[in-house]
Amino acid sequence: MQSRKLIEELVSFNTTSRLSNLELIRFIENYLDEYGVTSELIYNADKTKANLFATVGNPNQSGILLSGHTDVVPVDGQDWSTEPFRVQENDNRLYGRGCVDMKSFIAIVLSFIPDLTKLDLKLPLHLSFSYDEEVGCLGVRSLIDKLKDFLVLPGLCIVGEPTGMQVINGHKGKVAFHVCVDGQECHSALAVIEGINAVEYAAELIVFIRSLQKEIADKGPFDPDYDIAYTTLNTGPISGGRLLNIVPDNCEFEFEIRNLPDDDPQAYLDKIKNFANSVLKPLMRRTHKNTDITIIEKTSYPGLFTHPDSEAVSFVKSLVSRSDTAKIDFGTEGGLFHSINIPTVICGPGSIAQAHKPDEFITFEQILRGEKFMGNLISRMTHP
């Protein structure tokens with residue numbers, strides 16, 4: 001496994017999304033520089049994080065873009081039997097946070113740079129390594145803004161999320177919201193005549209969201225290629241109230257919509273807002289005018305659909321020697337690349353079932369399949 005050492009190097013950087021990724025990014029920048037590859041860093045506003053973009057070959061040609069995110073999810077509260085940020089080997093597996101999601105893919109790509117720089121590439125290879133993917137695909141957006149100004153866009157983007165090296169041509173989109181319910185506090189003994197219980201009204205809105213989910217599950221639209229064949233709604237964190245004998249004047253919660261690419265989440269949001277504005281608010285304001293329900297979008301990213309008969313999908317199939325495609329319920333940065341007319345496919349080593357868990361791992365077999373994929377890609381780029 002030629003990528004083993006680089007996997008160990010990349011995992012050793014704690015790039016949990018709440019932290020800076022600059023140490024890792026500069027490691028990659030220096031590594032590429034050793035082989036004469038110039039990197040461009042695209043920083044966040046306070047310059048604590050950065051995307052990296054680089055090209056091997058002629059930057060004025062279309063070429064192929066390989067994309068991966070450098071951030072990882074937290075290990076807080078998880079029961080690890082290994083050191084999360086130090087790779088450990090056991091039973092033909094490498095364990096560590098980011099081993100599968102998705103530093104092994106990045107390491108595999110980088111491990112081929114010494115060979116790539118010696119070859120006469122007929123097509124350039126572009127590299128995109130981003131930050132803050134795990135918290136809403138946030139960082140890559142500034143990199144994509146740069147790509148929009150290119151005279152020639154990449155002809156294909158391959159996002160190396162863990163798919164078991166299966167070719168993925170579609171994934172759901174996501175929109176996340178924060179809801180704030182402002183009620184009126186009073187002594188709980190007077191709740192029914194003086195108070196507006198923010199927790200109870202939040203609960204009514206949550207029940208409505210749940211009923212909307214049931215309606216979608218019953219009526220669709222459906223796409224049987226997904227494990228869950230319809231758009232899903234989910235309520236997450238909720239908080240409200242201070243003491244049992246005080247009617248809560250505030251309650252906040254979050255919910256998300258994970259939509260099929262062709263199913264507009266705005267239609268569901270409109271129904272939720274209409275229930276809040278037309279049903280719940282009038283009831284609240286009968287007693288107290290200074291009550292409210294606000295719904296604010298937190299993050300969003302689009303779904304992805306690349307036609308299974310497209311040249312992009314056929315090309316990636318040829319690299320992994322598979323004839324099938326699939327769709328996934330989790331999101332990626334792929335929909336954002338696709339939104340600026342770069343045909344995009346998801347394909348990378350490892351299983352998403354191992355991601356975000358304690359003792360995250362990737363198998364040797366998947367690493368070797370990832371390396372074979374890169375070898376096939378380089379062969380095609382020297383003899384297109």
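The model is predicted, so local features are reported only at a pLDDT of at least 70 and side-chain atom pairs only at pLDDT 80 or more, whereas totals for chains, interfaces and linings use all residues. Residues are numbered from 1 along each chain as its sequence is written, and side-chain values rest on heavy atoms, with hydrogens and water left out.

**Overall picture and confidence**

- The chain has 11 helices and 16 strands, where helices (H or I, at least four residues) and strands (E, at least two) are DSSP runs numbered from the N terminus.
- Along the principal axes, the C-alpha atoms of the chain fill a box of roughly 80 × 45 × 40 Å.
- Of the 384 residues in the chain, 53% are buried; buried means under 20% relative accessible area, exposed means over 50%, and partly exposed lies in between (1.4 Å probe, protein chains only).
- When contacts (heavy atoms within 4.5 Å) are taken between residues at least 6 apart in sequence, 80% of them join residues at least 24 apart.
- The average pLDDT of the chain is 94, and 100% of the residues score at least 70; pLDDT is the predictor's confidence in each residue, from 0 to 100.
- Confidence is lowest in helix 6 (residues 191–194), with a mean of 76, and highest in helix 2, at 98.

**Helix 1 and the segment before it**

- Helix 1 spans residues 4–11, and its residues Leu 6, Ile 7, Leu 10 and Val 11 are buried.
- These residues lie on the same side of helix 1, because they cover an arc of only 130° around the axis; the arc is that of the directions from the helix axis to the C-beta atoms.
- The partners against which the buried residues of helix 1 pack are helix 2 (22–34), strand 5 (93–95), helix 3 (99–111) and helix 11 (364–382).
- Ser 3 sits in the segment before helix 1 and is buried, with a relative accessible area of 0%.
- Apart from neighbours within four places in sequence, Ser 3 is in contact with Ala 107, Ile 108, Ser 111, Ile 367 and Glu 371.

**Helix 11 and two of its partners**

- Two packed helices are described by the angle between their axes and the distance between the axes; here axes are lines fitted to C-alpha atoms, for helices over the stretch in contact, and angles run from 0 to 180 degrees between N-to-C directions.
- Helix 3 and helix 11 pack with their axes 10 Å apart and at an angle of about 40°, and they are therefore oblique to each other.
- Angles under 35 degrees count as roughly parallel, over 145 as roughly antiparallel, 65 to 115 as roughly perpendicular, and the rest as oblique.
- In this pair, Phe 105, Ile 108 and Val 109 of helix 3 meet Ile 367, Gly 370, Glu 371, Phe 373 and Met 374 of helix 11.
- Helix 9 (residues 311–320) and helix 11 have axes that come within 8 Å and cross at roughly 120°, and these two helices are likewise oblique to each other.
- Phe 315, Ser 318, Leu 319 and Val 320 in helix 9 meet Phe 373, Asn 376, Leu 377 and Arg 380 in helix 11.

**Backbone features to check in the model**

- Most residues other than glycine have a negative phi, and most peptide bonds are trans.
- The peptide bond from Asp 101 to Met 102 is cis, with omega near -10°, and Met 102 is found in helix 3.
- A cis peptide bond also runs from Gly 220 to Pro 221, with omega near 10°; Pro 221 is placed in the loop between helix 7 (198–219) and strand 10 (232–240).
- Ser 321, although not a glycine, has a positive phi of about 55°; Ser 321 lies in the loop between helix 9 and strand 14 (326–328) and is exposed, with a relative accessible area of 63%.
- Asn 341, in the loop between helix 10 (334–339) and strand 15 (344–346), has a positive phi near 70° and counts as exposed at 66% relative accessibility.

**A buried loop residue**

- Thr 291 belongs to the loop between helix 8 (265–285) and strand 12 (292–301), and at 3% relative accessibility Thr 291 counts as buried.
- Not counting residues up to four places away in sequence, Thr 291 touches Asp 182, Gly 183, Gln 184, Ile 196, Met 284 and Arg 285.
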